[in-house]
Amino acid sequence: MLGFLSATRGWEGRGREGSGNGRQLYFSGPNKPLLFNPELAVAACTQRPVELVFMIDGSERMGESNFRHVREFVQKVATTLPLASIDDDTMKARLAVVQYGSESEQQLVFGFSHNKTDILDSLAAMKYLDSASNVGSAIIYGIHTLVGKPGSGPQATRLGAELSFLFITDGTSGNKSLGEAVDAMRKHNVVPTVIAVGKDVDMDVLQQIGLGERAAIFRADDYSHILQPSFFERLLLWIC
């Protein structure tokens with residue numbers, strides 16, 4: 001007889017209404033390890049609209065090889081999450097990617113898209129900035145560039161959609177304009193998730209961009225760790 005372990009976002013301290021409490025995500029048989037069920041893990045993302053923006057730290061501390069790990073991670077998310085069928089689909093996810101460097105260096109890799117082919121092509125063409133890091137100006141850029149009046153066009157957020165920013169960073173950044181950026185995130189109801197890689201991190205900055213929610217900060221020893229199933233699966237549960 002199959003057993004199961006129920007998982008919810010509530011145990012992470014997040015627990016929003018409609019988060020899929022009681023979903024059976026892990027299955028096992030006698031003397032067998034728990035097996036993750038990715039289809040059930042992302043099921044909640046099929047039941048509401050999610051606008052997921054990857055905020056990629058392209059600073060020189062990352063390095064070219066780690067940048068490739070980040071690219072692979074985003075590709076993996078794009079091929080795992082259920083994507084919207086059309087731009088004004090009232091369910092499922094659309095993705096966008098911003099890579100940022102210094103205060104004046106931000107790159108919109110692609111705006112909100114549900115087209116998997118376009119997403120993967122854009123990711124393959126993404127070039128590593130190899131720059132400084134200023135997350136505050138990147139947040140302001142992302143909101144100004146991507147967050148239009150809901151429902152006003154394909155590059156605006158969809159009506160009723162959750163706007164989620166997923167930061168991938170080595171955990172250090174200049175803090176210029178950070179207060180303004182945090183205020184803008186709150187104003188636009190941005191739901192933040194932070195992947196902080198390495199041990200040399202600035203927890204004050206991380207908690208600010210995580211809007212004070214420690215459970216929204218996912219720590220990884222190195223960039224290869226974010227591709228490991230245990231980390232990736234836990235992150236999917238949080239996003240969905």
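Student: Which residues does Arg-61 touch, not counting residues up to four places away in sequence?

Tutor: Arg-61 touches Tyr-128, Asp-170, Thr-172 and Asp-200, where contact means heavy atoms within 4.5 Å. The model is predicted, so local features need pLDDT of at least 70 and side-chain atom pairs count only at pLDDT 80 or more, while totals for chains, interfaces and linings use all residues. Residues are numbered from 1 along each chain as its sequence is written, and side-chain values use heavy atoms, with hydrogens and water left out.

Student: What makes the link between the side chains of Arg-61 and Asp-170 a polar contact?

Tutor: A polar contact is a pair of N or O atoms within 3.5 Å; within protein, one must be able to donate a hydrogen and the other to accept it, and residues adjacent in sequence count only if both atoms are side-chain atoms. The side chains of Arg-61 and Asp-170 are joined at 2.5 Å, so this is a polar contact.

Student: Why is Arg-61 called partly exposed?

Tutor: Buried means under 20% relative accessible area, exposed over 50%, and partly exposed in between (1.4 Å probe, protein chains only). Arg-61 has 47%, so it is partly exposed.

Student: Why does Asn-189 count as exposed?

Tutor: Its relative accessibility is 59%, and therefore Asn-189 counts as exposed. Asn-189 also has a positive phi of about 55° although it is not a glycine.

Student: What is the phi of Asp-130, and why is Asp-130 called partly exposed?

Tutor: Asp-130, not a glycine, has a positive phi of about 55°. Its relative accessible area is 45%, so Asp-130 is partly exposed.
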